[in-house]
Amino acid sequence: ARTLRIGLIPGDGIGKEVIPAGRRILEALPASLKLKFEFVDLKAGFETFEQTGAALPDKTVEILKNECDGALFGAVSSPSKAVKGYSSPIVALRKRLDLYANVRPVKSVMTAKNPIDMVIVRENTEDLYVKEERTYEAADGSKIAEAIKRISEKASFRIATMAGEIALRRQKIRESGAPSIHKSPMVTITHKSNVLSQTDGLFRATAREALAASKFSSVGVEEQIVDSMVYKLFRQPETYDVIVAPNLYGDILSDGAAALVGSLGLVPSANVGEGFAIGEPCHGSAPDIMGKNIANPIATLRSVALMLEFLNEETAAAKIYAAVDGNLEAGKLLSPDLGGTATTTEVVEDILRRL
Ligand code: NAD
Ligand code: MN
């Protein structure tokens with residue numbers, strides 16, 4: 001039996017309602033998987049900031065680093081006006097744990113009229129997000145602002161390698177019988193190297209090189225310019241399997257793609273580094289529905305499965321995905337964001353029964 005130690009960081013708002021659902025599904029996994037879980041409750045978020053003066057207490061980072069195999073992160077509220085000393089704990093966490101990839105699967109039910117099943121793999125450490133900006137004055141006294149876009153061979157190579165590995169793993173899950181619209185693995189490299197020949201040119205060439213490795217011989221590789229990609233993503237989303245992109249394009253594409261499946265309450269993500277993964281639903285703290293027990297728990301349950309994939313527990317992950325799909329396809333116990341009347345608890349219990 002393997003024991004996994006999981007840090008639980010509910011954060012603010014509905015994070016406190018959906019993260020307990022994540023814990024429940026881990027505890028309900030069948031004993032035949034020979035998996036045990038230990039949980040550590042950890043703090044982060046705006047409420048934590050108000051109580052302790054730190055949005056991400058050092059203790060949370062230390063425990064994750066030294067004691068945990070993975071973690072689940074709910075959501076945090078950001079104040080509408082800048083508050084002195086406050087900055088996003090998830091951004092800090094990605095940095096301090098070197099979680100260099102943000103992985104976002106976007107999937108509809110197979111019974112949808114035009115089913116889609118893709119995953120966007122976004123580089124998470126560089127590009128325009130190195131935040132090296134400056135503002136200066138032009139000769140006529142008007143302002144000019146500029147920012148550095150940094151692309152490195154190293155970061156591009158490791159993100160493309162991860163995309164290739166995800167493509168292979170998805171193929172393996174399909175071969176184990178999970179229904180899918182894709183027949184063979186494919187990675188699409190996203191860039192704008194027709195204009196940015198050095199930065200995006202380096203990303204494109206390095207990603208090509210990484211995906212040319214013999215272990216990826218069964219993975220198809222194509223590339224697309226980011227703007228025409230957005231067009232195709234909206235017109236023919238079913239054609240995409242795995243998309244790999246530098247930070248900024250990945251950020252935009254992954255939010256855009258999430259819109260294709262209807263509710264934020266369905267879309268999971270994972271922040272992934274070397275041997276560590278944090279599952280995180282894509283939605284925020286949803287103050288408009290907090291405390292009502294109506295938040296959709298599915299984004300979190302899928303994030304749990306995604307975390308398990310990166311901890312090499314594909315069988316357990318596949319069971320959770322299938323139980324969630326079963327609930328959605330049956331369509332009887334759906335939360336209000338999907339047009340239903342079920343509570344968070346009722347949705348979770350239906351999914352646990354299907355497990
Ligand atoms: P949001 O994602 O919290 O909510 C947007 C809308 O979607 C709301 O109407 C909400 O009720 C609904 N929604 C979100 N999750 C849902 C779920 N699981 N089930 C049902 N409905 C759901 O985004 P927002 O309203 O723009 O932001 C609210 C707060 O969350 C802000 O403080 C913002 O800064 C923060 N935020 C945090 C994250 C994060 O932690 N990663 C992401 C986005 C926003
Ligand atoms: Mn974003």
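I note at the outset that angles under 35 degrees count as roughly parallel, over 145 as roughly antiparallel, 65 to 115 as roughly perpendicular and the rest as oblique. The model is predicted, and local features need pLDDT of at least 70, side-chain atom pairs count only at pLDDT 80 or more, while totals for chains, interfaces and linings use all residues. Residues are numbered from 1 along each chain as its sequence is written, and chains are lettered from A and ligands numbered from 1 in the order in which they are written.

I listed the contact residues (C-beta atoms, placed from the backbone, within 7 Å), among them L301, V304 and L308 of helix 9 and A317, I320 and V324 of helix 10.

I then turned to helix 7 (residues 226-235) and helix 8 (residues 247-258), whose axes come within 11 Å and cross at roughly 10°. That makes helix 7 roughly parallel to helix 8. I found the contact made by V226, V230 and L233 of helix 7 with Y249, L253, G256 and A257 of helix 8.

Last, I looked up ligand 1, which 19 residues surround, the closest being S78, G265, H283, G284 and N296; a residue counts as near if its C-beta atom, placed from the backbone, lies within 6 Å.

Note on methods: Axes fitted to C-alpha atoms, helices over the stretch in contact; angles between N-to-C directions. Helix = DSSP H or I, 4+ residues; strand = E, 2+ residues; numbered from the N terminus. Contact = placed C-beta atoms within 7 Å.
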